[in-house]
Amino acid sequence: MRVAIADDDAEIIEFLGRIVEGQGHVYAGYADGTSLSSALLRDTFDLVILDWNMPGKNGMQILEWMKSAVEDRPPVIMMTSRTAKQDISDALNAGADDYITKPEDKNVIAARINALLRRNNGASAMEPKAEYGNYLLNRIEQTVKHGEKEVSLTAKEFELTDLMFRNRDRTLSRRYIMETVWRTNAHLATRTLDMHISRIRSKLALKPENGFRIFTVFGYGYRLETFGNGG
Amino acid sequence: MRLRQRLGMEWLAVALLASCLVAALAYWDSLSQFDNLIYDQLSRIDPPPPRPEILIVAVDEDSLAAFGQWPWSRQRHAALFKQLALGNPAAIGFDILLSEPGDPDDDAALAQAMTSLPNLVLPLHFILPGSNGAEYDVKHPVAPFAEAAAGLGHVNLVFDRDGVVRRAALCFGDKASGTDWPHLMEMVYRSVERRPSSAYQRLADCNQTLLMPFTRRGAYQSISYGALASGQVPRAFLNNRIILIGATANGLGDQYPVPLGDGGTLAGVEIMANLYGGIARDDFIVPLPFVQQLALSLLPIWVLLLGFWRWRPRTTIIVSLGLILMILLTSAILINFSVWFAPGTALLGIILVYPVWGWRRLQATSDFMDSELQQFHRSKIDIPIMRPELGPVDVITGQAEQLTHAISYVRDLRRFISDALRNLPDPMFITDLDGKVTFANQLAQAGMKDGAHDLALDDMLDRFVSADDLQEVKDYLDLKHRPTKHDYVDFTSRNGEIFAMRRAAVMSNEGTLKGYIHYLADITEIAHAAQLREEVLQLLSHDMRAPQAAILALLDGKEGDEITGRIEGHARRTLALADNFVGLARIDASEFSGEDILLSELVAEASDSLWPLAQARNIRCEIDDQSAGAFVSGEPSTLYRSFVNLIDNAIKYSPDGGVVTILIRVTELDRQSFVSVAIADQGKGISQEMLGQLFERFASDDRMARSSIKGAGLGLNFVAKVMERHGGHIRGENSRDGGACFTVLLPLAADVEEQAD
């Protein structure tokens, strides 16, 4: 698959390119926003990795421009050295599918790229059983086995777990989770979701030692990240 | 009560009272005496001409001198009649009573003489009160005379209350019962014209009196009885005349006061002549009917009453005088048209209503001033000014003096405020609701080269504000834009200074918007400093991070050796330093805004994020969470960063293969619930010197100096700032087994009811 990487720093393009190639994909690098946007018009990409600060058009401007100008818009990962919570939620709310703050571990980047490419090629069919690392999900019985141990979950907890695993390495908005699991637009108490996340984290022992961690994107949502053999 | 309402009620009361009074006076004709005085004067102005056909034959002093003492023998009258018969007069009115029989010979001679006069009218008279309870007794001339006369007429005079004869009764008695008697002059008229006079026919009832128009005294031609009787008057002189015979000599008592304004009297026969004139000319003066009289009397009073609302007192008094003249003039004009409008009530009304209204108005104003002054003294701002003692003066003067003091106080206050505004250290100006600058202080004036007064706000802005910011400032000042509390706009002036402008509404005491005050604060230096600071933060948070990220990206491709490991360590330290520094700066600059955070989750994620670091040295982070889902209200990013800093430190100072213990609990402190997070390592602990200054900025930890591990001096300072901001606490100590232990206390967030599961 083809990935477009736009960054004004050649080192970063090279670094990201190595990761993309390591996953068996090809990439094209662009040093500024203008060349990226003209490439987007005449070429097809499966994923765009976009730096926030670039000469020409910056990342946010390109996001905005892509909404109207590019047909069949590929998913976009925003790369940024900005770490402020507001910047991140702004980018996601502006239409970025995910974001990565620089510097980030190459394995994490690889997982995030794969998560988006996977989604773009249609989510995997809902198998009755699915294995994610050391975790085995039985969607018929709604049970989860962690190693040899059966973990007891409520119906909502299972649905949330299933959703997070299916969308591992992808940032999900609170709203998306609420509407998928609770099937409601109504404004739920924000604490409800926090408590459920907390419960599956501790019941399933979702921590780096076990190959996963749950990461809160403040002001936006959650992400289940894979570590090492996880994905 | 508001003055206007009070005055309105007072006015209504005065108006009603005046109207009722006028109506009552008019109804009972209480001012007739006064009216009569005016009538006498007015009726003299343009007297009617005498009737030329009238000839008075006067029993005057000369006649008395010639014929001796009154009464005369009826032979003498007989002689006169003979003379008259020769002259062929049109009619004769004989105003000498012949009610008692006299000497039979004389009476016979007189009756004989009468037969030669076909148009002789004789008087009858009435005795008041009549005998046997009758109202009056009628005394006819004795029979031979009455038979000989062409007609009989009464000669009663009508006296007004002041004893003056102004009116005449053309008819006396009772028409209904047929006992009515026309006046002698009416009978004379009938004997000449052969019909009743129009005035007589118009009479509503027999006793109605009519106001007689009098000609000048002595206007009627008169000859002496003696002269006529002795044949000295040529016969032609009598031809076709109407002869009225009566006494004029003073001694005979037939003299009555008349309204000729000179106070003098007039002989009865001359009054008759005047009466005849009235009948013949048909110009009796008719008093206005009550309704018209009342309407005409009320009209000027209401003009004045309505005028009280509009005119100043001086105008009012001039108008009052004018109205008095108008009333008199109206009366005078109407009299010429034979109509009598009695002006007394109207005049009295005007004269009364003015002072009464003046009194009520003064009272109301005085009461109002009293209450206003009291209120003023109660509510005035206390700027000490001299208030001289008031001597014993009358109430109104006292109030006026107090008002003067109040005004001078307000003037002082205004002066004070104006001085204060004028010399404000920042530019300030005031606009009215039309956007006109009505006031600008010295500094604002100085900003405008041509002066800012009376300038339209838009013009002023055009001259003052740089073109880039003009629209923004205008949007802010758009009159629809309602000022809120922390409302201001920044702009750059044409001189490059930066101002913050704030607008405040100017309200009247009643709460209506009158205009706006605009304050300008010169924030050039502050703005430059803020801009510089923002640039530094931008540099640190982005521009410096980017090359570090590039360094780390570069290193990633290389095989790990010692050098690359150290380079990576330095790059990461630089990043952490920049992050902490920027974090600190942002904390100082921004306002706290908390959101619900499940603290155990945040700590777990902070710990997870450091797992690669811990795992590399085989260190475990063990979280013991017994907080049971405790939420705190906080800023997620700064709290997260704080716990990353604390756990990062714990990992750094732990020996390889050590354990970092994180205990999360809910505790009570001073009756307040806190979530406590204690992070303990198994390192060497904190040195005694460092314990006191752990959280100070750039405190150099000698632990660092000794160990190979380098920390970023800002980390703990940042944590302490964040905790303080959250209303929490942090303390660092050494635990019993030697390792360092940092405990954070954060206030528990208020409970929120869970809605769903």
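## Backbone features and a helix pair

B:Pro71 is placed in the loop between α3 (61-67) and α4 (74-87) of chain B. The model is predicted. A cis peptide bond joins B:Trp70 to B:Pro71, with omega about -5 degrees. Chain A also holds a cis peptide bond, between A:Lys102 and A:Pro103, where omega is about -5 degrees. A:Pro103 is found in the loop between β5 (98-101) and α5 (106-120) of chain A. Most peptide bonds are trans, and most residues other than glycine have a negative phi.

Two asparagines of chain B have a positive phi, as the table sets out.

| Residue | Phi | Loop in chain B |
|---|---|---|
| B:Asn88 | about 55 degrees | between α4 and β2 (91-94) |

B:Asn88 counts as partly exposed because 15 C-beta neighbours lie inside 10 Å. B:Asn240 has 12 other C-beta atoms within 10 Å and is therefore exposed.

Chain B contains 26 helices and 28 strands. Of its 757 residues, 33% are buried.

Helices α1 (residues 3-28) and α11 (residues 290-310) of chain B pack with their axes 10 Å apart, at an angle of about 160 degrees. An angle over 145 degrees counts as roughly antiparallel, and α1(B) and α11(B) are therefore roughly antiparallel to each other. Their crossing is right-handed. Residues making the contact include B:Trp11, B:Ala15 and B:Tyr27 of α1(B), and B:Phe290, B:Leu298 and B:Phe308 of α11(B). The contact comprises 13 nonpolar residues, three polar and no charged.

Key
Residues are numbered from 1 along each chain as its sequence is written. Chains are lettered from A and ligands numbered from 1 in the order in which they are written. This is a predicted model: local features need pLDDT of at least 70, side-chain atom pairs count only at pLDDT 80 or more; totals for chains, interfaces and linings use all residues. Axes are lines fitted to C-alpha atoms, for helices over the stretch in contact, and angles run from 0 to 180 degrees between N-to-C directions. Helices (H or I, at least four residues) and strands (E, at least two) are DSSP runs, numbered from the N terminus. Angles under 35 degrees count as roughly parallel, over 145 as roughly antiparallel, 65 to 115 as roughly perpendicular and the rest as oblique. A crossing is left-handed if the near helix is turned anticlockwise from the far one by less than a right angle, and right-handed if clockwise. Two residues are in contact if their C-beta atoms, placed from the backbone, lie within 7 Å. Ala, Val, Leu, Ile, Met, Phe, Trp, Tyr, Cys and Pro count as nonpolar, Asp, Glu, Lys and Arg as charged, and the others, Gly among them, as polar. A residue is buried if 20 or more other C-beta atoms lie within 10 Å of its own, exposed if 12 or fewer, and partly exposed in between; C-beta atoms are placed from the backbone.
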